[in-house]
Amino acid sequence: MREVGVPHPRLALPAAGQGDDLSAFRHWLEAAIPLVPQLGIQDMHWQHDTLVWSLSLAPNLNDKGTGFGGSLAAQTTLIGWSWVTLWLRSQGREQNVVVADASQRFKAPVTGDYRILCRPEDPAGQAALAERLASRGKGRIALVQELYSGDTLCLTARGDYAVLP
């Protein structure tokens with residue numbers, strides 16, 4: 001385990017014009033954040049501007065045998081952080097990302113394996129973030145997450161993510 005206060009080495013940026021190998025990013029994420037291997041992430045992929053994670057319920061059970069709210073909240077926060085980090089990397093930028101604000105609304109119990117979708121709240125969010133980064137070297141973007149178990153929407157979340165200079 002890494003020493004407290006010692007940053008994990010960054011993952012090399014992808015070649016210009018190419019996106020990240022999401023399998024390599026996932027392995028890096030699992031090494032960088034000790035909690036991640038316990039979260040049950042099985043797959044991650046892009047659908048246009050939406051990052052999608054498929055997750056196993058088994059490591060995220062609560063005492064009632066359904067999804068543990070703390071795990072689900074951590075996952076929605078982390079997928080947002082990952083979305084921004086991957087987007088920055090696709091722009092050839094290595095900058096730190098932090099969550100500035102996050103909220104979740106639990107709508108139904110999670111009773112089986114599930115998926116989380118993460119995308120910008122505003123369709124113009126990416127362009128606005130790119131403009132702020134170009135002019136000020138820092139910026140923010142609001143993302144929304146939806147967690148589905150089968151066809152059931154179980155959780156909605158929103159987060160503001162800050163890109164530090």
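This is a short tour of a predicted model, stop by stop. Local features need pLDDT of at least 70, side-chain atom pairs count only at pLDDT 80 or more, and totals for chains, interfaces and linings use all residues. Residues are numbered from 1 along each chain as its sequence is written, and side-chain values use heavy atoms, with hydrogens and water left out.

**Stop 1: the hairpin**

Select residues 41–47, strand S1, and residues 50–55, strand S2. Helices (H or I, at least four residues) and strands (E, at least two) are DSSP runs, numbered from the N terminus. S1 and S2 run antiparallel and are joined by six bridges. Strands count as paired if DSSP finds at least two bridges between them. Pick Met44 and you will find its bridge partner, Trp53, in S2. Then pick Gln47, which stands opposite Thr50 in S2.

Now go to the turn. Two residues lie between S1 and S2 in this hairpin. Select His48, in the loop between the two strands. His48 is not a glycine, yet its phi is positive, about 60°. Most residues other than glycine have a negative phi. Is His48 buried or exposed? His48 is exposed, at a relative accessible area of 82%. Here buried means under 20% relative accessible area, exposed over 50%, and partly exposed in between (1.4 Å probe, protein chains only).

**Stop 2: the other side of S2**

Look for Leu51, which stands opposite Cys118 in S4. S2 is mostly covered, with five of its six residues buried.

**Stop 3: Asn60**

Move on to the loop between S2 and H2, and select Asn60. Asn60 has 1% relative accessibility, so it counts as buried. Show what surrounds it. Leaving out residues up to four places away in sequence, Asn60 touches Gln38, Leu39, Thr66, Gly67, Phe68, Ser71, Gln75 and Tyr114. Contact means heavy atoms within 4.5 Å.

**Stop 4: H1 on H2**

Select helix H1 (residues 22–32) and helix H2 (residues 69–90). Their axes come within 13 Å and cross at roughly 125°. Axes are lines fitted to C-alpha atoms, for helices over the stretch in contact, and angles run from 0 to 180 degrees between N-to-C directions. H1 and H2 are therefore oblique to each other. Angles under 35 degrees count as roughly parallel, over 145 as roughly antiparallel, 65 to 115 as roughly perpendicular, and the rest as oblique.

Show side chains. From H1, Leu22, Phe25, Trp28 and Leu29 meet Leu78, Trp81, Ser82, Thr85 and Leu86 of H2. By class, this contact has seven nonpolar, two polar and no charged residues. Ala, Val, Leu, Ile, Met, Phe, Trp, Tyr, Cys and Pro count as nonpolar, Asp, Glu, Lys and Arg as charged, and the others, Gly among them, as polar.

**Stop 5: H2 on H3**

Which residues of H2 meet H3? Trp83, Trp87 and Leu88 do, against Gln126, Leu129, Ala130 and Leu133 in H3. The contact divides into six nonpolar, one polar and no charged residues.
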